[in-house]
Amino acid sequence: MSRYVLPVSVLGTVVGGAVLLKDYVAGGACPSKATIHGKTVIVTGANTGIGKQTALELAKRGGNIILACRDMEKCEAAAKDIRRETLNHHVNARHLDLASLKSIREFAAKIIAEEERVDILVNNAAVMRCPHWTTEDGFEMQFGVNHLGHFLLTNLLLDKLKASAPSRIINVSSLAHVAGHIDFDDLNWRERKYNTKAAYCQSKLAVVLFTRELSRRLHGSGVTVNALHPGVARTELGRHTGMHSSAFSSFTLGPIFWLLVKSPQLAAQPSTYLAVAEELEGVSGKYFDGLKEKAPAPEAEDDEVAQRLWAESARLVGLEVSHGSSVKAQSLPR
Ligand SMILES: NC(=O)c1ccc[n+]([C@@H]2O[C@H](COP(=O)([O-])OP(=O)(O)OC[C@H]3O[C@@H](n4cnc5c(N)ncnc54)[C@H](OP(=O)(O)O)[C@@H]3O)[C@@H](O)[C@H]2O)c1
């Protein structure tokens, strides 16, 4: 009997340690119990993964939730799931393809015309490590969807967000931004050999820089904007990497994934927290890793890079030319 004591206690320690490590890696649930009755929320890319769970978490709190997705069949199905699970009937699907400036403008125009207010905008959608694709307007897909699409959408909705203040913008970035670099000579990968990983990292760094510059421009407006890394989660994000479909990688990496990877429900907690937490009232321009504020990568804190990226992004999406409500940089606080 005694010969089993050692192996059993080793096994117990390993299992206990694994569970503790998983809890640590997963981070916690949103500590705020705040409700959002009467508030209107837009979540992009809300038909699956972290976006769908964020929409569900916010629907539970009573908001009027708009799922903004490119595939209306999936979007309607997600809205139905969320209505059924939360019994909140103010959950609706709208078409938004972030790979099309026309679609973004149409979506924003409808929101402005039909919604009384927009209190919370969660810029969640993303594409990761796809082949060398371009958007309808010729931008590299990851930069175009993850950054430029949200950049235009947010700017078009700014007046509505300001009129609904205090309001919040949440930009879902990634820890991957630390490996990113903004190459102003070739933002859209026309000259360089395409690197799917570097393109994703550049797009996620752009999201943090956009957050910083937008926060500066919104100073005193009652609209806050923060960026976050949700943690590594079991979603469809890896659909272009091949890891999803490989039985070998599922088998070998499965246990490691179980240990290190969050459920979409847990990965939605940081977005939920930034959207509702009372203690974050007025907090803006910050980067959160999970529920904790952290310093982002040094390049993400470079104001010159942030302002240059803003100017380039505005030029690329035609913001200054055709949309007067782009916030002017002049005479704003540093
Ligand atoms: N999962 C992770 O480990 C992880 C880690 C760090 C950061 N993040 C970030 O978390 C966010 C959510 O990712 P996820 O893991 O939930 O990924 P996901 O399951 O792949 O969901 C991504 C969502 O974005 C949508 N989307 C993609 N291209 C779009 C377009 N052109 N227009 C509109 N929507 C579009 C997708 O729609 P379709 O279903 O129609 O393609 C989907 O709804 C992303 O910003 C991602 O970078 C995730």
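User: Why is R212 called partly exposed?

Analyst: In this predicted model, R212 has a relative accessibility of 26%. Partly exposed covers the range between the 20% limit for buried and the 50% limit for exposed, so R212 at 26% belongs in that class.

User: What makes the pair of D303 and R212 a salt bridge?

Analyst: The closest N and O atoms of D303 and R212 are 2.8 Å apart. A salt bridge requires a side-chain nitrogen of Lys or Arg within 4 Å of a carboxyl oxygen of Asp or Glu, and the pair therefore qualifies. The two residues come from distant parts of the chain: D303 lies in helix α10 (residues 303-317) and R212 in helix α6, 91 residues apart. D303 has 29% relative accessibility and is therefore also placed between the two limits, as partly exposed.

User: Why is K52 called buried, whereas D81 is called partly exposed?

Analyst: Buried means under 20% relative accessible area. K52 stands at 19% and so counts as buried, whereas D81, with 24%, is partly exposed.

User: How do you know that D81 and K52 form a salt bridge?

Analyst: Their closest N and O atoms are 2.7 Å apart, and the cut-off is 4 Å, so the pair is counted. This bridge joins D81 in helix α3 (residues 72-86) to K52 in helix α2, across a separation of 29 residues. K52 and D81 also belong to a salt-bridge network that includes R84.

User: Why is the pair of E236 and R239 counted as a salt bridge?

Analyst: The closest N and O atoms of E236 and R239 are 3.8 Å apart, which is within the 4 Å cut-off, so the pair is counted. Both partners are partly exposed: E236 has a relative accessible area of 34%, and R239 has 39% relative accessibility. By this rule, the model holds 16 salt bridges.

User: Which residues around the ligand come nearest?

Analyst: There are 29 residues around the ligand, and N47, R70, N124, Y200 and T235 come nearest. By class, the shell comprises 13 nonpolar, 10 polar and 6 charged residues. Helices α2 (49-60) and α6 (196-217) each contribute at least two residues to this shell.

Conventions:
Residues are numbered from 1 along each chain as its sequence is written. This is a predicted model: local features need pLDDT of at least 70, side-chain atom pairs count only at pLDDT 80 or more; totals for chains, interfaces and linings use all residues. Side-chain values use heavy atoms; hydrogens and water are left out. A residue is near a molecule or strand if one of its heavy atoms lies within 4 Å of it. Helices (H or I, at least four residues) and strands (E, at least two) are DSSP runs, numbered from the N terminus. Ala, Val, Leu, Ile, Met, Phe, Trp, Tyr, Cys and Pro count as nonpolar, Asp, Glu, Lys and Arg as charged, and the others, Gly among them, as polar. Buried means under 20% relative accessible area, exposed over 50%, partly exposed in between (1.4 Å probe, protein chains only).
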